[in-house]
Amino acid sequence: MAKAPKFPNPAFWRAKDNINWKAQGENLKEVGGIFWDMLKATDWKEFGQKTVDDFKADGQRIKEEYADFMALSKDEKIDRILNGEKSLGRLYRKGAMATVRREWRGIKDTAYDFYEWAHMWGMLLMTFSRDLIPALNSALYYRWMISYFCCHGFMDKNIMGLRGSNLRMSHLLIYDIFRYVAENLVFLAKCDKKNGNSQELNKKVVLFDEMTMGQIMAGFPDLLGIPYQLMPVFLVSEIDQLTCVPYIDAVESYGLPSDTCPVPSSECGALVVDALPHMGSCFISSSMPCDGSTMASSYMARRFPDLPVFHLCFPVRYEDEETVQMGAEDIRACIKFIEETTGAKWNWDAYFTQMKRFNEETAYELQKWEINKSRYPQLLGPCYELFRKWNYEMDGGADPRTLKTFQKVNKILLKAYEKQEEPWPGKMKYRAIVWSCPAHYYANFSNWAANCWGINVLVEMESLNFTKQLETEDKEEALRDLARLYERMVMRRHTNGGYQNVVDELWRQCEAWDASLIIMYQNVACKNMATVQGVLDEQGRQRGYDLIWVEHDLMDPRTVSRRTMRDKVSEYMRTVKQAEPVDPSLVEFEDEVCM
Amino acid sequence: MKDLKHLIYFESLLENANNELIKQAQADGQLAIGYTCFHVPEPLLNVDKCFSTRLRAPNTGSIDIATYYMSNYTCEYARALLERAIEGGYQFLDALIGVDACSMMNRSMEHFELLHVNDKPGFFVTHCDIPYKIADYTLDSYEKQMRIRVLDRLTENYGVDTSDEAIRKAVAEHNEVCKIISEIREMRKADNPVITGYEFHVIDLVTYVCPKALILPYLRETLEELKTREPDPKPAFRARVAIVGSEIDDPSLTKLIEGCGALVVSDRYCFGSTPGREVIELNDDEPALRQLCLHTMQVSECARYISDEKVLQRRETADKLAKEFKAEGMIYEQMKYCDYWGFERALVSHIMHDEYGWPVLSIDRLYNNGNSGQLRTRVQAFVESLEIKRIHKEGK
């Protein structure tokens with residue numbers, strides 16, 4: 001059997017940089033000046049006092065934790081040591097940007113957790129060391145790069161409260177996402193004309209609008225497709241809730257109304273403040289997922305007028321099979337555009353190979369769904385939610401290592417199912433479904449809901465996308481299938497093409513997953529969802545579901561804070577369900593500035 | 001200037017979606033086909049025994065029920081239509097032709113179905129998929145959508161003749177309206193025009209909402225009247241402005257702007273004359289439907305078209321119109337909560353100023369604006385700034 005080619009293509013790493021050292025020196029001087037100004041502006045007395053206060057608070061916390069532990073009975077102490085702590089609200093402190101310490105999960109799980117923590121660090125260091133100077137130099141150009149230094153904290157938040165198999169599976173899944181991010185951060189740095197300036201690599205880079213799926217690149221194995229705004233805007237806003245605030249402010253100062261969706265707003269704002277690397281041979285813009293995203297492409301063209309652009313435009317009424325051919329033809333035109341712009345040739349064999357892998361991954365995904373639909377769901381929590389979206393949207397079978405992760409995870413999953421494990425031990429009270437798009441700045445909301453109230457989110461709307469096995473033999477049908485896939489991208493399948501896709505579909509999914517509680521996200525700027533809120537509310541009540549409406553502003557926590565989001569759930573649970581929290585320490589805590 | 005003979009009558013036709021001429025046409029056995037969006041080629045809805053009426057919600061007050069269904073941060077036009085529909089204001093319609101061009105309007109129309117706002121036998125709502133750019137394959141799809149979702153539905157439900165011949169006949173009648181409106185529009189180029197922006201807006205609007213055959217006699221007469229109309233010796237306006245942007249079906253907005261000392265000379269917005277009142281030239285070689293679809297795609301100025309050439313076309317059209325009609329400044333406007341025009345206005349209002357050299361007033365507005373004091377203040381300030389610019393220019 002032929003050895004599978006390495007991923008990512010080693011030629012991408014080998015591409016030579018052309019760093020303008022004089023420009024780097026000037027930038028360093030400018031950044032140094034900013035640091036100097038910050039140092040001068042700092043109130044050192046206040047800083048010293050704050051440090052002392054933090055030490056005191058730590059001392060007080062340790063004292064309390066010790067007293068709490070000593071007050072436990074012998075059996076409880078053993079349980080605490082073996083199975084971990086129960087009051088997770090203690091990990092937060094007012095005014096702190098990170099949790100005060102890592103979670104105690106019991107001896108075995110804590111040891112495993114630290115192993116994965118170190119594993120992640122190792123991967124990050126190894127990846128960055130592949131081209132260290134431009135990779136680190138990015139931090140001197142882009143503030144979003146600093147947020148990535150806190151990715152371990154993000155991982156910790158997403159696995160809070162997890163134990164046993166669910167913890168192991170979640171670690172495996174999030175590792176793959178971080179590896180993808182780390183590799184692409186290095187590629188961004190290498191390509192950026194202000195930084196690595198690798199002309200060799202730039203010739204091979206095709207930029208995609210951040211929500212545009214990457215599967216089309218399967219036919220171009222010698223090219224590198226990068227979702228352009230994913231790292232600087234989209235994903236980082238999940239890691240650091242405050243990242244997009246300057247972008248949003250910038251574009252609203254420019255004149256954009258504040259009622260537009262924060263995704264395209266932030267992207268446009270990033271262009272206004274020059275927070276995106278200057279790179280690539282061409283740009284594939286997209287009409288998806290919604291009206292606001294469609295319009296952001298003209299801002300891109302304005303910022304980079306010399307970058308050739310192809311506008312990938314898919315039918316909105318995608319369930320109408322009469323429209324599929326238009327989508328397929330647009331893909332054909334896009335392939336032709338990439339060929340003409342880069343000189344590369346579309347390779348059907350490479351395409352079919354990747355799609356076969358993607359089909360296999362889809363089959364594994366469906367296996368997860370089947371288990372989560374059962375009375376013993378096993379893989380829950382934000383790591384899985386993020387992985388599903390990333391795999392469907394960005395990876396799409398490109399990376400053979402991801403398939404191995406699928407295999408490992410599903411092996412653990414089946415064993416855990418046989419043993420009837422609880423993914424949130426002692427917290428499996430309500431079967432829930434999440435509908436509409438979740439807040440980026442609260443990626444671990446489902447984690448909080450499970451830990452605090454025992455609300456177990458079995459699946460979220462954005463995971464429920466296209467699961468058809470894609471055509472891997474007939475070329476014409478393959479293009480049509482690719483169009484069908486793209487049309488059902490994350491955030492689009494449900495919100496476009498008719499109310500049935502989001503309203504009727506919700507009731508169908510509630511039945512399929514045996515979920516009676518619905519976390520109904522209400523992105524205050526999402527018009528697609530806002531325009532069905534009355535119907536959802538009416539029909540949900542008629543069907544007897546618990547609908548908890550949770551407002552958020554996707555990437556702007558100033559409009560609706562995390563705390564306000566939690567309060568909506570807590571109020572409903574207290575007043576309507578007359579429930580008691582599983583972990584009372586998580587009902588009230590401060591995380592306004594916590595990343 | 002002497003009042004136009006039919007102006008008050010025209011205004012009365014705009015007072016109610018189900019106006020006198022619509023009632024008259026329906027009494028004659030004709031079918032009222034409602035629509036909102038320019039992406040539906042208007043003549044298609046005027047074939048055989050059908051007549052088109054572009055939906056408005058005149059005198060909208062509270063939109064609380066629609067807000068319950070569609071939330072309070074969505075397009076007021078879409079909500080106003082739903083509110084009016086729930087009130088029974090569109091019960092007269094025989095069909096509603098929707099396009100899935102913007103999500104809010106699409107949802108509004110979906111609520112027509114969901115809430116069963118029209119119980120007329122045969123009434124149907126259809127939703128068409130509309131392309132974002134012009135290419136052979138997008139035209140193919142557009143044509144197919146119009147055939148399947150519009151024409152075939154009319155035939156199935158009402159036995160309407162949608163043959164090539166019927167379409168060509170509808171285009172001929174449509175062109176007659178367009179010729180009259182175009183001729184009247186040309187009069188606005190004069191230094192001291194014989195028609196105000198408000199009057200033109202009213203005349204233009206009635207052509208969208210009334211059956212073509214019934215409004216044509218009034219239009220012909222008005223055109224003749226304008227040809228001999230004497231303008232005021234001293235113009236009442238202090239500056240000429242062009243309006244560019246999203247849907248305006250409320251002439252009181254034009255009245256408000258003109259009440260601030262401006263003369264609106266150009267109307268590049270939805271329900272305006274550009275696009276919408278261009279004569280459609282059909283050849284005999286290709287099917288009328290395909291030609292009509294291509295024409296609509298080409299002249300559309302909708303911000304939804306994202307291909308580079310259409311983006312440039314929108315800017316060039318705004319610039320060309322403003323120059324031709326001797327505007328001194330532009331008002332870029334958008335309906336509040338409109339995503340397409342929200343992005344477009346924010347960016348292009350800068351571009352028109354920085355690259356095309358136009359003084360620009362950039363505004364977002366509600367569906368009904370006739371009494372907006374805030375808007376009035378902004379327009380007054382803009383008019384003053386244009387005056388000052390003119391004085392400076394003349395002084396040089």
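Biologist: Which residues in helix 16 of chain A meet helix 6 of chain B?

Modeller: The model is a predicted one. In it, A:Met326, A:Glu329, A:Asp330 and A:Ala333 of helix 16 of chain A are in contact with B:Tyr137, B:Thr138 and B:Ser141 of helix 6 of chain B. Sorted by class, this contact holds three nonpolar, two polar and two charged residues.

Biologist: At what angle do helix 16 of chain A and helix 6 of chain B pack?

Modeller: The general idea is that two packed helices are described by the angle between their axes and by the distance between those axes. Here helix 16 (residues 324-342) of chain A and helix 6 (residues 136-158) of chain B pack at about 175 degrees, and their axes are 9 Å apart. Helix 16 of chain A is therefore roughly antiparallel to helix 6 of chain B.

Biologist: How many salt bridges does a search of the whole structure find?

Modeller: Side chains of opposite charge can pair when their charged atoms come close. Over all chains, the search finds 90 salt bridges. One of them joins B:Glu42 to B:Arg277, with the closest N and O atoms 2.8 Å apart.

Biologist: Are B:Glu42 and B:Arg277 buried or exposed?

Modeller: B:Glu42 has a relative accessible area of 7% and is buried. B:Arg277 also counts as buried, at 1% relative accessibility.

Biologist: Where do B:Lys323 and B:Asp319 lie?

Modeller: Both belong to helix 12 (residues 308-324) of chain B, where they are four residues apart, about one turn of the helix. B:Lys323 forms a salt bridge with B:Asp319, and their closest N and O atoms are 3.0 Å apart. B:Lys323 is exposed, with a relative accessible area of 54%, whereas B:Asp319 is buried, at 7%.

Biologist: Which residue meets B:Lys189 in a salt bridge?

Modeller: The partner is B:Glu186, at 3.0 Å from N to O. B:Lys189 is partly exposed, with a relative accessible area of 21%, and B:Glu186 is partly exposed, at 40%. Salt bridges can also be linked in a network, as with a set of residues that includes A:Lys50, A:Asp54, A:Arg61 and A:Glu85.

Biologist: Which residues touch the most other members of the largest nonpolar core?

Modeller: That core has 277 residues, and A:Trp144, A:Ile216, A:Trp435, A:Ile518 and B:Tyr90 touch the most other members. Helix 9 (residues 164-191) of chain A gives the most to this core, with 16 residues. A second, separate core of 32 residues includes A:Ala439, A:Trp453, A:Met565 and A:Val569. Returning to A:Trp435, the residues it touches beyond four places away in sequence include A:Met461, A:His494, A:Glu505, A:Ile518 and A:Met529.

Biologist: Which residues of helix 10 of chain B are buried?

Modeller: In helix 10 (residues 251-259) of chain B, the buried residues are B:Pro251, B:Leu253, B:Thr254, B:Leu256, B:Ile257 and B:Glu258. These residues pack against several elements of chain B, among them helix 8 (197-209), strand 5 (239-245) and helix 14 (373-395). Just after helix 10 of chain B, B:Gly261 takes a positive phi of about 100 degrees.

Key:
Residues numbered from 1 in each chain as written. Chains lettered and ligands numbered in written order. Predicted model: local features only at pLDDT ≥ 70, side-chain atom pairs only at ≥ 80, totals over all residues. Heavy atoms only, no water. Buried < 20%, exposed > 50% of the residue type's maximum accessible area, 1.4 Å probe, protein only. Helix = DSSP H or I, 4+ residues; strand = E, 2+ residues; numbered from the N terminus. Contact = heavy atoms within 4.5 Å. Core = buried A, V, L, I, M, F, W, Y, C linked by side-chain atoms within 4.5 Å. Axes fitted to C-alpha atoms, helices over the stretch in contact; angles between N-to-C directions. Parallel < 35°, antiparallel > 145°, perpendicular 65-115°, else oblique. Nonpolar A, V, L, I, M, F, W, Y, C, P; charged D, E, K, R; others polar. Salt bridge = Lys/Arg side-chain N within 4 Å of Asp/Glu carboxyl O.
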